[in-house]
Amino acid sequence: MSIIRLLLPAPGFTEISLNPEELEKQGVVVITTEPNTAEPMNFATMDIAMIDGEAALQDNLNLIDQIKALAPSCKFIVLLRHSSTDAVTYMQAGVTGLLRLFPDTVKLAEIIRKLVQGEYYLDQDIAQLLAMRQIKKQLDPFVSLSSREFDVFCLLAEGCSLQAIALQLGISSKTVSNCQTQIKLKLAIDNRGSLRKFANCHGLIIDNSV
């Protein structure tokens, strides 16, 4: 069994219990480091990097680009513990693995090995959510929304601020605000809480607290 080198960029992952010793028994060696302080020759040997999805999206995208520049063949897996808002964005950036829950060591090693071999892995909840959004946007009552309004609706339901939505979609905050107004009118929703419950009822967010 070949050894896989897993880069765990610091800081991050303070809330998860990753056991390097147990992973090493499965053929995965964990290396925790800051990419900008690692020696290029050593860093270039990394097979896969695990990114903490709780960090700022743009910071993570910059980190992915930085790692790619030093290790072009490195694969990426992102842990999205509380929100799947940025799932598609990460995949567009070249991430091939998305986790919502942290699996046991054996399962994690299995996922990592598949990713290194060039396969994709999407957590079942995330995959179902992405598929559901593609289907629901073409059905009542969401068919009344424009494509942009639907995207804004999903991000509002995830709890994103208007400014965060504007940055992610590359539009102005005023446009987001206008979309929010249209969404409330078309779906007869009067506040953010009702919007979240409505989205959860239709399977458009992963939110066990609603």
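**Start at strands 1 and 3.** Select strand 1 and strand 3: they run parallel, and 2 bridges join them. This is a predicted model, so keep that in mind as you click around. Now pick out leucine 6. Which residue is its bridge partner in strand 3? The partner is isoleucine 48.

**Cross to strand 4.** Lysine 75 belongs to strand 4 and stands opposite isoleucine 48. Follow the chain from strand 3 through helix 3 to strand 4: this β-α-β crossover is right-handed. Strands 3 and 4 also pair directly, in the parallel sense, over 5 bridges.

**Look at helix 3.** Select residues 57–70. This is helix 3, and it lies across strand 1 (4–9), strand 3 (48–52) and strand 4. Its direction makes an angle of about 170° with strand 3.

**Stay on strand 3.** Is strand 3 largely enclosed or left open? Buried residues make up 5 of its 5 positions, so strand 3 is largely enclosed by the rest of the structure. Colour its two faces separately. On one side sit Ile48, Met50 and Asp52, and on the other Ala49 and Ile51. All of these are buried, so both faces are covered.

**Move on to strand 5.** Select residues 75–79 for strand 4 and residues 97–99 for strand 5. The two pair in the parallel sense, with 3 bridges between them. Show the side chains of valine 78 and leucine 98. Leucine 98 is in strand 5, and valine 78 stands opposite.

In what order do the 6 strands lie? The order is 2-1-3-4-5-6, in an open sheet with parallel pairing. Find the edges next: strand 2 (28–33) and strand 6 (121–122). Each has a single partner strand, so one side of each has no neighbour in the sheet.

**Zoom out.** The protein chain has 10 helices along with its 6 strands. Of the 210 residues, 44% are buried. Now think about contacts with a separation of 6 or more. Residues 24 or more positions apart account for 67% of them.

The structure holds 5 aromatic pairs. Select phenylalanine 142 and phenylalanine 153. Their ring centres are 5.3 Å apart and their planes meet at 55°, so the pair is tilted. Phenylalanine 142 is in the loop between helix 6 (124–136) and helix 7 (147–157), while phenylalanine 153 is in helix 7. The two are 11 residues apart.

Keep phenylalanine 153 and select phenylalanine 198. Here the centres are 6.4 Å apart and the planes stand at 90°, so this pair is edge-to-face. Phenylalanine 198 lies in helix 10 (residues 192–201) and phenylalanine 153 in helix 7, so the pair ties together parts that are 45 residues apart in sequence. Phenylalanine 198 counts as partly exposed, at 23% relative accessibility.

**Last stop.** Select Phe142, Phe150, Phe153 and Phe198 together. Ring pairs link them into a cluster.

Methods: Residues are numbered from 1 along each chain as its sequence is written. This is a predicted model: local features need pLDDT of at least 70, side-chain atom pairs count only at pLDDT 80 or more; totals for chains, interfaces and linings use all residues. Side-chain values use heavy atoms; hydrogens and water are left out. Two strands pair if DSSP finds at least two bridges between them. Helices (H or I, at least four residues) and strands (E, at least two) are DSSP runs, numbered from the N terminus. Contact means heavy atoms within 4.5 Å. Axes are lines fitted to C-alpha atoms, for helices over the stretch in contact, and angles run from 0 to 180 degrees between N-to-C directions. Buried means under 20% relative accessible area, exposed over 50%, partly exposed in between (1.4 Å probe, protein chains only). A crossover is right-handed if, with the strands pointing away from the viewer, the path from the first strand over the helix to the second runs clockwise. Rings of Phe, Tyr and Trp (its six-membered ring) pair if their centres lie within 6.5 Å; planes under 30 degrees apart count as stacked, over 60 as edge-to-face and the rest as tilted.
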